[in-house]
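Me: I am new to this structure and would like a close look at a single part of it. Please take the place where the two chains meet, and then show how it connects to the rest.

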Amino acid sequence: MSNSDHDHDHDHDHPHKPMVDEITDFEVLEIALRELCIEKGLFTADEHRVFTEYAEQIGPTPAARLVAKAWLDPEFKKLAQTDAIAASKAVGVDWLDPTGFGAPSDFVAFKILEDTPTLHHVIVCALCSCYPRPILGNSPEWYRTPNYRRRIVRWPRQVLSEFGLQLSEGVEVRVEDSNQKHRFMVMPMRPSGTEGWTEDQLAEIITRDCLIGVALPKPGVTNNVTPLVRPAIRGVTA
Amino acid sequence: MVTAAERAEQIALVSRLKTFYPEVAEWPTPDEITHDHWLAYMKTPHDVGGELDYPHPYENKEEEEWELMTYVLCEVLAWRGIWVSEERRRIGNVDVGRSIYLGVPYYSRWLWSVGRILIEKKYIDWAELTDRLAEVKKRYPGALNGRRPEAQPKFAGDGSAVKRNKHHIRAVGVGDPQVFAGTAGKAKFKLGDRVRVRDLPAMFYTRTPEYVRGAEGVIAELAYESPAPEDETWDREDAKSEWFYIVRFRQSDLWDNYTGPNNDTLQTELPERWLEAINV
């Protein structure tokens, strides 16, 4: 209902609820701070643009590609295990980008955790939201929540089962709490039913959730576990 | 423009925030506070691992434009040597206190940390920020009707005399933590050593979670050399480097009544200062 309809119902001077479409407190604060930084010469508008372009192009595609390559090429798999930073270059990710010393919050220390028939990894940052952004993009909202962080370190099997992943007693569950400068990603096992598949076909089933360790790759499954998406008020424009 | 009624309503809202133990009054006298309560208040609020909680639905979220811009703002400030990311983590995740930590959106704390650092390090003053907030708000009266708010800096400042850290120059072409390689001396522990996490009374900042304090584990990897976050967070460029280790714990050692199989494990990374040898 429009504002005038609303007024019609209430002729006392009760304060109106702010309209959803007004500029938010967060937008005001971000704009004010950015303007002051540029005016003070802390950084230039150009530098801000360069980093924005970097931030807009990161996503899980290179990470999936890296794992698919490792599944197909034992030599590359060895490189992924011993020097994940070098292996990232093969899928177009230079961890020194875009500053020459990396994305500052992500550092240049990356490890790939290989699952085996008796070992399953899952990652978390129980202290904040450390995540291998340069190769996996921004973390999903649930990964950052206190809820996931509180529980995965203590009740990993229960949390994994909430994602639909039941692991048998014979599989060691190893939680990797990435709370310092290392960033981690899981290399799941190649599932059966993918014999003869190309790198492209394999990459499609290596979802972001598989690389976090809350799901396993499965032929025919190309989506992340939860379909729930909370819409933005004024989202990032593509 | 704020009315007395609106002021009263906002104060009533703040007063509903519950931040103290129900069994103890607000502003307790020293004899009313136990050691455990003191530790609980002093605990860094970002350290949530193992806290009791019930299953929530796992949700994705579309990113707001201001959230992306906030991430970029923080990273560009680090790129240009105004801070290192560890300063941001303390200010936005710990210094905010528990009610803000749990009460406001994730990226709004990143944003809060930018305002705090700029004022604290004297790049801007309180009035500059406050006036600018009012000014930006005034540019967009009423509904936006599809318009997108935009930053409109009045001019581009001269950055040549701006005080910056050495790190943003030294690490270029090398990376962090690579820039600290060879600066920590000999590592105290080696692969396979059994260690115990020291139970230190950590105040103000740490990244050693409470759930491993006092627990025994095994060195799974010598990770790298770096100043500890307990120093980096205070912008101490003179801080000495130390070795970091990935330590492996058995879940059944970490948690009382761990219900999973005996061989489930957890690994986390810890700086040398937090570890002591276990003499077998």
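Reply: This is a predicted model. Chain A and chain B bury about 9,900 Å² between them, and 58% of that area is on carbon and sulfur atoms. On the chain A side 97 residues take part in the contact, and on the chain B side 119 residues do.

The polar part of the interface comes next. Between chain A and chain B there are 68 residue pairs in polar contact, both residues being at pLDDT 80 or more. The interface also holds 11 salt bridges. One salt bridge links Glu39(A) to Arg132(B), with the closest N and O atoms 2.8 Å apart.

Several elements of chain A supply at least two residues each to the side that touches chain B, among them the helices α2 (25–39), α3 (45–57) and α9 (146–152) and the strands β3 (172–177) and β4 (183–187). The element that gives the most is α2(A), with 14 residues. By class, this side of chain A has 49 nonpolar, 17 polar and 31 charged residues.

The two chains also share strand pairing. β3(A) runs parallel to β5 (residues 265–271) of chain B, and 4 bridges join them. In this pairing Val175(A) stands opposite Leu266(B).

Further pairing is found within chain B. β2 (residues 194–197) and β3 (residues 216–227) of chain B are antiparallel and pair over 3 bridges, with Arg196(B) opposite Glu216(B). β3(B) is also joined to β4 (residues 241–250) of chain B, again in the antiparallel sense, by 8 bridges. There Ile219(B) stands opposite Val247(B).

In chain A the assignment gives domain 1 (25–55) and domain 2 (59–212), with 31 Å between their C-alpha centres.

The two domains of chain B have an interface of their own. Here 15 residues of domain 1 are in contact with 17 residues of domain 2. The area buried between these domains of chain B is about 1,300 Å², of which carbon and sulfur atoms give 56%. Asp47(B), Glu86(B) and Arg90(B) supply 38% of the area that domain 1 of chain B buries against domain 2, more than any other three residues.

Between these domains of chain B there are 3 salt bridges. Glu86(B) forms a salt bridge with Arg207(B), their closest N and O atoms being 3.6 Å apart. On the domain 1 side, α2 (35–42) and α4 (85–93) of chain B are the elements that give two or more residues. The largest share, 4 residues, comes from α4(B). By class, that side has 4 nonpolar, 4 polar and 7 charged residues.

Some backbone details remain. The peptide bond from Asp97(A) to Pro98(A) is cis, with omega near -10°, and Pro98(A) is in the loop between α6 (84–89) and β1 (110–114) of chain A. In chain B the peptide bond from Asp176(B) to Pro177(B) is cis, with omega near 20°. Pro177(B) is in the loop between α8 (167–170) and β2 of chain B. Asp235(B), in the loop between α9 (229–232) and β4 of chain B, has a positive phi near 60° and is a residue other than glycine.

How values were computed: Residues are numbered from 1 along each chain as its sequence is written. Chains are lettered from A and ligands numbered from 1 in the order in which they are written. This is a predicted model: local features need pLDDT of at least 70, side-chain atom pairs count only at pLDDT 80 or more; totals for chains, interfaces and linings use all residues. Side-chain values use heavy atoms; hydrogens and water are left out. Contact means heavy atoms within 4.5 Å. Buried area is the accessible area (1.4 Å probe) that two parts lose on being put together, summed over both. A salt bridge is a side-chain nitrogen of Lys or Arg within 4 Å of a carboxyl oxygen of Asp or Glu. A polar contact is a pair of N or O atoms within 3.5 Å; within protein, one must be able to donate a hydrogen and the other to accept it, and residues adjacent in sequence count only if both atoms are side-chain atoms. Ala, Val, Leu, Ile, Met, Phe, Trp, Tyr, Cys and Pro count as nonpolar, Asp, Glu, Lys and Arg as charged, and the others, Gly among them, as polar. Two strands pair if DSSP finds at least two bridges between them. Domain bounds come from an automatic or database domain assignment.
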